[in-house]
2 protein chains.
Amino acid sequence: MISGHTRVIAHIGVPTESFKAPMIYNPWFEAMGIDTVVVPMGCETADFAGFLPLVARLRNFAGALVTMPHKVATVDLLDEASTAVRICGACNAVRRDPDGRLIGDMFDGEGFVRGAIRKGCEVAGASVLVVGTGGVGSAIAASLAGAGAARLDLYDINPASAERLASSLRKAYPEIEVTTGVNDPAGREIVVNATPMGMQEGDPMPLDVTRLDPGSFVGEVVMKREETAFLAAARGRGCRVQIGTDMLFEQIPAYLEFFGYPTTTAEELRQLATIRY
Amino acid sequence: MISGHTRVIAHIGVPTESFKAPMIYNPWFEAMGIDTVVVPMGCETADFAGFLPLVARLRNFAGALVTMPHKVATVDLLDEASTAVRICGACNAVRRDPDGRLIGDMFDGEGFVRGAIRKGCEVAGASVLVVGTGGVGSAIAASLAGAGAARLDLYDINPASAERLASSLRKAYPEIEVTTGVNDPAGREIVVNATPMGMQEGDPMPLDVTRLDPGSFVGEVVMKREETAFLAAARGRGCRVQIGTDMLFEQIPAYLEFFGYPTTTAEELRQLATIRY
């Protein structure tokens, strides 16, 4: 129940109709007795650079969840950016420090890593293939690097995109071996589909699944309730798998912690959410 | 339940802790199945002139309820101001027209007039005494003028305040007789206490109640669940009375209509509200 004491997390993007965060965060806040609410704010592109700093100065501002099309524009508005933000060139979480400075982070990839680790996947020292180096692929690669992956192969149908990400990763993590141009999963302990392939029925596979090692941990970003054809094929090869929505729910505790809320789990959030995946 | 489809009424003021509108509007929206939510936004004074136009451009903006300390500053940000706004020099409701223009109005006084009329008070042609010509007194005087009052006596302990309001009223309604400087209710069909006197136990009366005519309709702006000492005295004289919270609930249908929502009644709002007066 909203009152004058309620703090607001501004969920900023446009259009807003596809937003899912209100239906995941708000039931949890209510169940926990936390007087905070996630509110969609359909800010136009031309207004964003003016709007974000002002909404962040509201006395009851609790944070901002930034989404399309503003994730890149957010970076220039920050006073402090995390390593993941610097690598991805994008930011989707902003909080205001007591001194008024805007702190930005990006936990999309963190959700993938947390989920993988909780499923028993060893990330530290792993060799990884990430196919698709757009926003979410970049975030996953950055988080895997932050979690101690030893080798990252990056592949994108747009080679310049993979090169850009590789260059950022090498700068932030000089000790990691980063390669581009090959999408062969053979010998990779972690394999990630970070392309949209699998969203549509009949999409081609993002990579040659017959080359997957049975010991690989295979993850997916396509958000479907059920397993995608890619994950089904990976499981057929004997791989452990992680569905896209696991990544979604696993990342939310990281955002909540970033905004200063108590720790929770992906399971608790999933059970309370008023949307189902 | 907030989702990406939810429209937002920005309730802007600072501090926000005393806000009541969320607990009155939101239960009604929910009961009506209207996907709109009133959200408190604690905007600092220095930020307001930048913030209001930007929040009003949000694609899911449904309106703004503006309160202290921004009601006066709002006037200069409007493309179109109602007569009440021009008379009061203050605005507390803003909507965005399809062409992007900001339209401002002010219904504090409208709540007083609607409540009085529903209680059988004849406003058209009435002679009126308004004691207290601050924000709410100005709004009530403006609404009574708009509803056809024939004569308005204005009194304030700060004579310049009453003079300013008198001058604005004469300009907007040259046909109305407006006087200042006297707070004698004798012979006045409508008598309004628009001062804060009555908020504290033991406050003096805002005017000499022994001079009230038994036929007068006597109203109050002090928001108390029970009758104030002033109203009790007026009722003792035989007057019909209107308590402060009637004005509050009576004005909300006017705001809802201004924002484009269906018509409702003060009773329905009172029954659904999660605060009680």
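**Two interfaces in a predicted two-chain model**

In this predicted model, 33 residues of chain A are in contact with 33 residues of chain B, contact meaning heavy atoms within 4.5 Å. Before I go on, the conventions: residues are numbered from 1 along each chain as its sequence is written, and chains are lettered from A in the order in which they are written. Local features need pLDDT of at least 70, side-chain atom pairs count only at pLDDT 80 or more, and totals for chains, interfaces and linings use all residues, while side-chain values use heavy atoms, with hydrogens and water left out.

I start with the chain interface. Chain A and chain B bury about 2,800 Å² between them, and carbon and sulfur atoms carry 64% of that. Buried area here is the accessible area, taken with a 1.4 Å probe, that two parts lose on being put together, summed over both.

The rule finds four salt bridges across the interface of chain A and chain B; the rule asks for a side-chain nitrogen of Lys or Arg within 4 Å of a carboxyl oxygen of Asp or Glu. D47(A) and R57(B) form a salt bridge, with their closest N and O atoms 3.1 Å apart.

On the chain A side, α1 (21-32), β2 (36-41) and α2 (48-56) each give two or more residues. The largest share, five residues, comes from β2(A). Helices are DSSP runs of H or I with at least four residues, strands are runs of E with at least two, and both are numbered from the N terminus. By class, that side has 18 nonpolar, 10 polar and five charged residues. Ala, Val, Leu, Ile, Met, Phe, Trp, Tyr, Cys and Pro count as nonpolar, Asp, Glu, Lys and Arg as charged, and the others, Gly among them, as polar.

Now the contact inside chain A. The domain assignment gives domain 1 (7-106 + 251-272) and domain 2 (109-242), with bounds from an automatic or database assignment. Their centres, over C-alpha atoms, are 26 Å apart. Domain 1 of chain A puts 11 residues into the contact and domain 2 of chain A puts in 12.

About 850 Å² is buried between these two domains, 64% of it from carbon and sulfur atoms. Within domain 1 of chain A, I87(A), C88(A) and Q251(A) lose the most area to domain 2, together 52% of what that side buries.

Which side chains meet in a salt bridge at 3.2 Å, N to O? Those of R114(A) and E257(A). The count between the two domains of chain A is two salt bridges.
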